[in-house]
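Here are my notes on the two-chain model you sent over. Have a look at the structure first, then go through the points.

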Protein chains: 2
Amino acid sequence: MVDILELHRTVKLLVFWSLICLVALSTVEARIRHYKWEVKYEYKSPDCFQKLVTTINGGTPGPTILAQQGDTIVVELKNSLLTENIAIHWHGIRQIGTPWSDGTEGVTQCPILPGDTFKYKFIVDRAGTFLYHGHYGMQREAGLYGSIIVSLPDGVSEPFAYDNERSIILNDWFHKSTYEEATGLSSIPFVWVGEPQSLLINGRGRYNCSLLSNPSLEACNVTNPECSPYILTVIPGKTYRLRIGSLTSLSALSFQIEGHNFTVVEADGHYVEPFVTKNLYIYSGETYSILVKANQNPSRNYWMTSNVVGRKPGTPTGLAILNYYPTHFRKSPPTVPTTGPLWNDTAPRLAQSLAIKALQSSIHTPPLTSDKTIVLLNTQNKIDGVAKNVNATSSNGLYRLKFNSTVDVVLQNANTMSVNNSETHPWHLHGHDFWVLGYGTGKFDVTKDVGKYNLANPIMKNTVPVHPYGWTALRFRADNPGVWAFHCHIESHFYMGMGVVFESGVEKVGMLPSSVMGCGETKGFHRP
Amino acid sequence: MVDILELHRTVKLLVFWSLICLVALSTVEARIRHYKWEVKYEYKSPDCFQKLVTTINGGTPGPTILAQQGDTIVVELKNSLLTENIAIHWHGIRQIGTPWSDGTEGVTQCPILPGDTFKYKFIVDRAGTFLYHGHYGMQREAGLYGSIIVSLPDGVSEPFAYDNERSIILNDWFHKSTYEEATGLSSIPFVWVGEPQSLLINGRGRYNCSLLSNPSLEACNVTNPECSPYILTVIPGKTYRLRIGSLTSLSALSFQIEGHNFTVVEADGHYVEPFVTKNLYIYSGETYSILVKANQNPSRNYWMTSNVVGRKPGTPTGLAILNYYPTHFRKSPPTVPTTGPLWNDTAPRLAQSLAIKALQSSIHTPPLTSDKTIVLLNTQNKIDGVAKNVNATSSNGLYRLKFNSTVDVVLQNANTMSVNNSETHPWHLHGHDFWVLGYGTGKFDVTKDVGKYNLANPIMKNTVPVHPYGWTALRFRADNPGVWAFHCHIESHFYMGMGVVFESGVEKVGMLPSSVMGCGETKGFHRP
């Protein structure tokens, strides 16, 4: 009896291995990449300070999705939170044909209830560097985020050369819970959580526990291995592609590698006409690929740093280590980490935005004219709150766009509630990439500025900043049937209402899967 | 135009006032009591320590439901939490004919999603003192609770006299969030949150902020009016009915009023053969009415106190003030509050349990025999955790009971995971009251103990304690069609699985309202 059972097991194993081999051999064809994820609360100490975070399969950031262009991704997401629903957005994936898998709670789906398993299924139709994150309440900030790396089809090469690649997610980190932050934002008067305590690089930071009155009571411990810095080991002479994404809740960042210039080659999954820089400005929701050559003195290590820009920093520099093999990875760089560029110098940030153009050999030219222009004034005033703004308007924020029409959006920045202060807002569009037609300072002038649009080689992106007191113009084709969010990617701004919804061609979507329905207006339309 | 509008308004107001008068005049008939509640997160300082709590209409405890026997209660509950669902249980209300309004998430309804409004509608068919509280995750402990007071029909008198009445809810209070506590409970190895920081009386306590290393940083402030003690003002010579309920998460309590004996007259909505005592032992989920006469020196005030029993106390005494008019209510009693009875002396607690019998003139005699006996061994071992217990069994915990059959349950206490330690477990039955047939010490012996059951004048209750190393026997008629939870009312014990479900007569329930469905097994059966 035992023997038969063991025989069965052996046969099963053989079948299993045969399947593995089958999958391994069929790399030419588009594959289905199947992930099983479980979302839970766990205590973690990403920056040495222990707090409750939301993890995927035990980690924050969650697992990296590695796929090849054309693959189908299936994520079976089990919600093991106690009483809290979830939804996950696949940031930069256009969801062509699967708008219900966009993961935007309240826009494309009902949230996933505790105990339920929801299946996200979508095709990654373009190679590039993408992200995923919670898109419900402020769950991204609670730890629910990660990377999606899509490689080119076999036999197709990138238009640049490198020996190896790594991915890096930048983030900022608060010690208070997202519930606390959101409750403050909803209070009248408004209570602000304050600046982030740490900047994380690949989920790791280092808070100075001695700032706490009683670190042991607060469970802050700098010897906790969870808060050791991220280490990127390089071999001297080799060139590395670093895929860098930012999912900060609040902070605009500058990223730099001590002693190394690097070349920007990709932005939001589109090739960039390469340019060399010593720092990368990156805004929440953006991704870039940079090429960095390990061409410095290999007998020491170097700091990789992230710094807050665009807002008076109250957060120390985020640190990681570029480790030159065979120098020991624990050897601290002999230098003091740089503090990065001046936080309030907008000029180099605008200059870098302007420098990002489509790679000459892969330009997708935009339509030369648009059918409609939407101007969105980026104020930071509450309409129903204490600080009233007579210029602000209130609506349901839903724009119905003619299918296949060309739409321009002009993001116009303004003052915040404080005098002489204007902040950076990174706007992210779901379901589409857009052409970035131009940036300017001051008030957008339709008679002068439209004529200066870059229609020759604009980069396509899904996230773009509008700089302090400036404007940003973008164009997109409303060619993806569905209902799509367009919003400031700063978590608290989006929470406060800084976003709209574009609807186009919903009649082409067909029957929605019942799994996305059963709440709000769809309550009662839930069919088996 | 304006005049016409104003006329319309006047007419509307008149109609409104006529309706009010109509309602006021029709007190003889059963009424519909309509409540609109909104559940939100808010910062509160119930015991001086500020933390995020869950409020109903801005308060914790929430509004008291005041009704008359036979009334229909309608609570329109709006969930304004961020990402968290809710469900509210009407504790002690049998929900005859409305089992779907019992508010037990996962048993009688799907949870109420953020943004949704759910309508609870049920009849309060018996006069008495009842409770309500969150019944999803650990939301009760987060602040979601309150009182239901049901008065007798007009013309019917209580079998005891009093001049006035007040209600008091006792609770214990943790500074950590329920998420943190639950995450600890789910961890392997198990992490315990520790003893409660405070005992609350009507939502008010007083934590010693100086125990914190940095009270200002922790937002702990003893001058905050929110943490002033509850004050019960009495007029000398008058008799007061105090309706006392306990909704502690963990603690068994003793309640006493300095210098005053009192008479116990009601338990869980049933009249008690009156007995005089100087302290009331009360377990989570129980309610009592006591009569107290203001017959002491009226030139001073007196402490009302609650103390932890049955578990080594790590929580200071809960304090409120009995204020004799016209002594100023702010005048502190001249005495040091008593520390209450010995925490580890089970004998007087068992004696009080045995003293609680049905009032002679209102005995509902139980069936003399039962059709089925269920023995539930109260261990505190995890089956899947690190501490394994070979005696524990695992099942779905669902008991199908023949409709209208008589069921006995014997709750048998045992050791906890610690040696020489046994705790008190208050068990609460939904949808029914049961007769309390007996309490004993040691191991229940079916051949000897059944014969000693009190079938003459057992009290009916919905919640009953099983004392350390003892047993408790109860009997009920499975005469209420539905699916009903029966569980230990200690929040963390229930969370860890200390509960079962009784199903009986579900074929008589008929069509469920679609509003309770749409999750778990009912997903896809949600019809408009």
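How many salt bridges does the rule find across the interface of chain A and chain B?

1. Zero: the rule turns up no salt bridges between chain A and chain B. Do keep in mind that this is a predicted model. The count here needs a side-chain nitrogen of Lys or Arg within 4 Å of a carboxyl oxygen of Asp or Glu.

2. There are polar contacts, though: five residue pairs between chain A and chain B, with both partners at pLDDT 80 or more.

3. On to the area. The two chains bury about 3,000 Å² between them, and carbon and sulfur atoms account for 62% of it. In residues, 34 of chain A are in contact with 34 of chain B.

4. Which elements supply the side of chain A that touches chain B? Strand 1 (32-44) and helix 2 (178-186) of chain A are the ones giving two or more residues. Helix 2 of chain A has the largest share, with four residues. Sorted by class, that side of chain A holds 15 nonpolar, eleven polar and eight charged residues.

Key. Residues numbered from 1 in each chain as written. Chains lettered and ligands numbered in written order. Predicted model: local features only at pLDDT ≥ 70, side-chain atom pairs only at ≥ 80, totals over all residues. Heavy atoms only, no water. Contact = heavy atoms within 4.5 Å. Buried area = accessible area lost by both parts, 1.4 Å probe. Polar contact = N/O pair within 3.5 Å; in protein donor to acceptor, adjacent residues only side chain to side chain. Nonpolar A, V, L, I, M, F, W, Y, C, P; charged D, E, K, R; others polar.
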